[in-house]
2 protein chains.
Amino acid sequence: MRETWVIGAATTRFGKLAESAREAATRVALAAIDRAGVDPKAIGATFVSNCFGVAEHQAHLGPLVNTGLGIPETPSMAIESACSSSSAGLHEAFVHVAGGFTDVALVVGAERLSHLDTLRATSYFAMGADDPFETRQGATFPGLYAAIASAHQDRFGTRTEELGAVAVKNHANGALNPNAHFQRPISLATYLASPIIASPLRLYDCCPFSDGASALVLAAREVSRRPSAEPLVVRASARAGSIADLQDRPELTGIPASRRAAERAFRQAGLTPSQVDFAEVHDCFTIAEIVALEDLGFFPPGAAARAGAEGVTARDGRLPINPSGGLKAKGHPISATGAAQVVEVFEQVNGTAGARAVPKTEVALTHNVGATGGSCSVHIFGRR
Amino acid sequence: MRETWVIGAATTRFGKLAESAREAATRVALAAIDRAGVDPKAIGATFVSNCFGVAEHQAHLGPLVNTGLGIPETPSMAIESACSSSSAGLHEAFVHVAGGFTDVALVVGAERLSHLDTLRATSYFAMGADDPFETRQGATFPGLYAAIASAHQDRFGTRTEELGAVAVKNHANGALNPNAHFQRPISLATYLASPIIASPLRLYDCCPFSDGASALVLAAREVSRRPSAEPLVVRASARAGSIADLQDRPELTGIPASRRAAERAFRQAGLTPSQVDFAEVHDCFTIAEIVALEDLGFFPPGAAARAGAEGVTARDGRLPINPSGGLKAKGHPISATGAAQVVEVFEQVNGTAGARAVPKTEVALTHNVGATGGSCSVHIFGRR
């Protein structure tokens with residue numbers, strides 16, 4: 001297997017796109033290619049994620065993006081895995097490059113739903129759940145994650161203020177990220193005063209619906225001897241699944257796919273959780289960050305919530321989590337999220353994260369969950 | 001690169017599914033696994049294609065299928081490439097197995113749109129085109145392929161009766177396929193009496209909208225020493241793209257992605273077109289089969305139409321094309337089509353194609369196009 005690098009990365013600001021997903025995807029792809037300093041013609045395969053392209057009547061985005069990039073002959077495909085779509089695309093790009101099937105690969109994730117009314121947009125997001133057995137029974141994603149939060153509270157005594165601490169931290173980080181959807185800090189009092197959405201989750205426990213696009217360029221080490229930016233060495237690219245529906249799982253206080261993907265990733269990388277310097281994890285709800293930190297092995301079960309409230313996961317803490325602001329404050333444009341996590345790692349490693357720079361950037365991890373954990377991707381990055 | 005085999009294959013009948021795409025996908029996956037004689041737990045990755053899952057409010061199908069198969073921990077993702085989705089899924093499965101990332105991989109393609117009214121279903125199919133630059137200007141797939149047909153007629157003098165000969169042949173083959181959408185032969189007179197849809201294309205030049213699901217199991221040779229059925233050796237798996245929109249292409253009498261993918265595939269396999277014994281090609285319209293046979297190198301430009309009318313591509317001809325009935329008569333459930341082409345190769349090689357058996361089955365090719373050729377996959381199969 002060949003050593004594989006992320007040599008370029010770019011993102012739009014998350015929030016509301018004035019352009020189509022196709023235009024945003026093409027624009028960030030060009031920016032990532034430019035940053036990588038490669039000839040677009042070197043790209044051997046393009047992996048585009050755009051789960052809800054049908055909302056823009058566009059269901060074959062790859063050739064449109066490649067044509068826009070001036071590389072129409074390059075093969076493309078769309079990769080979807082709900083909220084973990086572009087980390088699945090990254091996995092495929094890694095497999096193609098590491099396996100020697102192409103030297104350079106492009107990953108693009110883009111989503112735009114803000115042109116729809118909220119009910120219509122929400123109905124698209126809900127399609128990530130099990131339609132007959134969850135959605136039609138009245139389950140929503142806030143409701144499903146509320147069930148996880150309730151179970152976690154019941155088993156570990158997780159406190160409202162500890163959920164709130166995740167929101168406060170991630171908004172503080174987002175306030176320093178010019179590409180974040182929300183760029184203002186919130187106080188715990190603001191969190192506590194926000195309305196209940198699905199008990200125990202409040203408004204500020206939930207990530208927003210965002211538009212956005214992010215792109216990555218991968219290359220084999222042997223063809224990228226003089227990269228324009230400091231590359232990320234892909235030390236591990238691992239995926240796993242879980243029983244699709246919450247009601248069929250033996251327990252709710254963790255996500256089996258996260259645990260399994262993390263085990264595989266740490267084994268691949270030959271590293272342990274204690275060697276990770278910072279991470280971007282899937283905080284679609286505050287409870288999701290807490291559960292992720294336990295599933296990934298950073299904290300024992302039941303210990304992550306308190307650690308977060310004590311500042312361990314703050315930007316200047318022992319293990320900075322979601323320095324970008326996370327899905328919570330940076331935003332969550334479904335198909336762009338996984339790639340955007342890696343964009344943050346790229347900025348941190350290149351020293352271009354500005355005021356949100358974390359102290360140590362030797363080893364970073366990204367963790368991206370599809371829906372309630374039917375899918376999960378974990379990537380570990382090091383320096384060359 | 002490891003030698004990779006297709007060790008199991010299965011399909012539903014194409015036409016109208018009474019069950020959901022999820023149920024059909026799970027059912028054919030089980031049938032393919034059963035035929036392969038492998039433990040489902042051996043599957044290391046599942047690639048599901050279901051372009052229009054949103055029409056069933058289901059956009060994260062992989063974990064639902066894997067959960068139904070009893071392998072929830074296995075990672076899954078959705079692969080889309082318009083009408084070439086499950087051949088793109090096959091390519092990813094091949095890359096994972098050949099590259100040593102997993103020993104066994106599952107490919108499933110499923111589509112169901114028959115529960116929608118025709119206008120709604122048609123609007124989904126149209127999303128494979130370029131929305132602002134084609135669809136909103138009034139272009140439809142019959143119209144776009146009619147432009148290809150007109151250009152071909154203009155350059156090569158391709159005759160209406162030669163287009164009709166493709167329809168007559170493929171309906172004759174479909175009449176022998178118990179899984180075909182249309183199982184009755186048509187005469188050239190019936191073809192000629194059918195209404196014009198988009199001049200010069202008539203009703204019988206067009207494939208139908210179908211529901212259906214197909215599945216394949218791939219494994220590395222080294223782990224499949226005693227396969228239950230005669231395996232297909234994947235001699236080549238190649239993909240390419242074209243300029244997305246017809247109006248931007250320098251010429252319309254061929255599809256650049258098909259030519260490029262074919263060149264790559266023949267180079268990979270170390271074979272020439274004359275060594276292929278039979279092929280399943282993408283005949284979404286009769287003209288598409290003619291153009292494909294020229295792009296793939298089976299006939300010089302302008303020579304395929306007459307050869308077809310002379311019986312060269314008949315089931316008992318020198319080069320049988322679409323013995324299954326093709327998209328034209330077997331049907332075209334978008335995401336299931338690419339895998340279904342390989343199911344036909346599997347049946348032919350295993351001697352289970354019944355009355356539609358072709359004379360020679362040493363080397364077979366499948367050719368699957370996305371939309372008007374923005375994407376194309378070509379696979380070549382041999383015997384062990």
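Which residue in β8(B) is the bridge partner of W5(B)? In this predicted model, that partner is V233(B). The legends below start with the whole assembly and then move to close-ups.

Before the views, some bookkeeping: residues are numbered from 1 along each chain as its sequence is written, chains are lettered from A and ligands numbered from 1 in the order in which they are written. Since the model is predicted, local features need pLDDT of at least 70 and side-chain atom pairs count only at pLDDT 80 or more, while totals for chains, interfaces and linings use all residues.

View 1. Helices here are DSSP runs of H or I with at least four residues, strands are runs of E with at least two, and both are numbered from the N terminus. For the complex, the predictor gives an ipTM of 0.98 and a pTM of 0.98.

**View 2. How chains A and B meet.** Rotate chain B by 180° with 0.0 Å of shift along the axis and chain B superposes on chain A with an RMSD of 0.0 Å. That is the relation of a two-fold axis. The contact takes 46 residues from chain B and 46 residues from chain A, where two residues are in contact if their C-beta atoms, placed from the backbone, lie within 7 Å. On the side of chain B that touches chain A, the elements that give two or more residues are α2 (61-68), β3 (76-80), α3 (85-98), β8 (232-241) and α8 of chain B. That side divides into 20 nonpolar, 18 polar and eight charged residues; Ala, Val, Leu, Ile, Met, Phe, Trp, Tyr, Cys and Pro count as nonpolar, Asp, Glu, Lys and Arg as charged, and the others, Gly among them, as polar. Because 100% of the interface residues of chain B are also interface residues in chain A, the copies meet through the same surface.

View 3. Strand β3 (residues 76-80) of chain A and β3(B) run antiparallel, joined by three bridges; strands pair if DSSP finds at least two bridges between them. Zoom in on A78(A) and you find its bridge partner in β3(B), E80(B).

**View 4. N50(A) in its loop.** N50(A) sits in the loop between β2 (43-49) and α2 (61-68) of chain A. With 34 other C-beta atoms within 10 Å, N50(A) is buried (20 or more make a residue buried, 12 or fewer exposed, anything in between partly exposed, with C-beta atoms placed from the backbone). Its C-alpha atom is 5.3 Å from that of A110(A), although 60 residues separate the two along the chain. Leaving aside neighbours within four places in sequence, the contacts of N50(A) include A21(A), L61(A), A78(A) and S335(A).

**View 5. R112(A), another buried loop residue.** R112(A) lies in the loop between β4 (104-111) and α4 of chain A, and it counts as buried with 29 C-beta neighbours inside 10 Å. Beyond four places in sequence, R112(A) is in contact with residues including L17(A), S20(A), E56(A) and D211(A).

**View 6. Strand β8 of chain B and its partners.** Nine of the 10 residues of β8(B) are buried. Two bridges join β8(B) to strand β1 (residues 4-11) of chain B, antiparallel. β8(B) also pairs with strand β11 (residues 375-382) of chain B, again antiparallel, over eight bridges; here V234(B) has F381(B) as its bridge partner.

**View 7. Helix α9 of chain B, under cover.** All of α9(B) (residues 286-295) is buried, 10 of 10 residues, so the helix is largely enclosed by the rest of the structure. Its cover includes α5 (141-156), α6 (160-174) and β10 (363-370) of chain B. After α9(B) comes G297(B), with a positive phi near 90°.

Methods: Least-squares fit on C-alpha atoms with pLDDT ≥ 70 in both.
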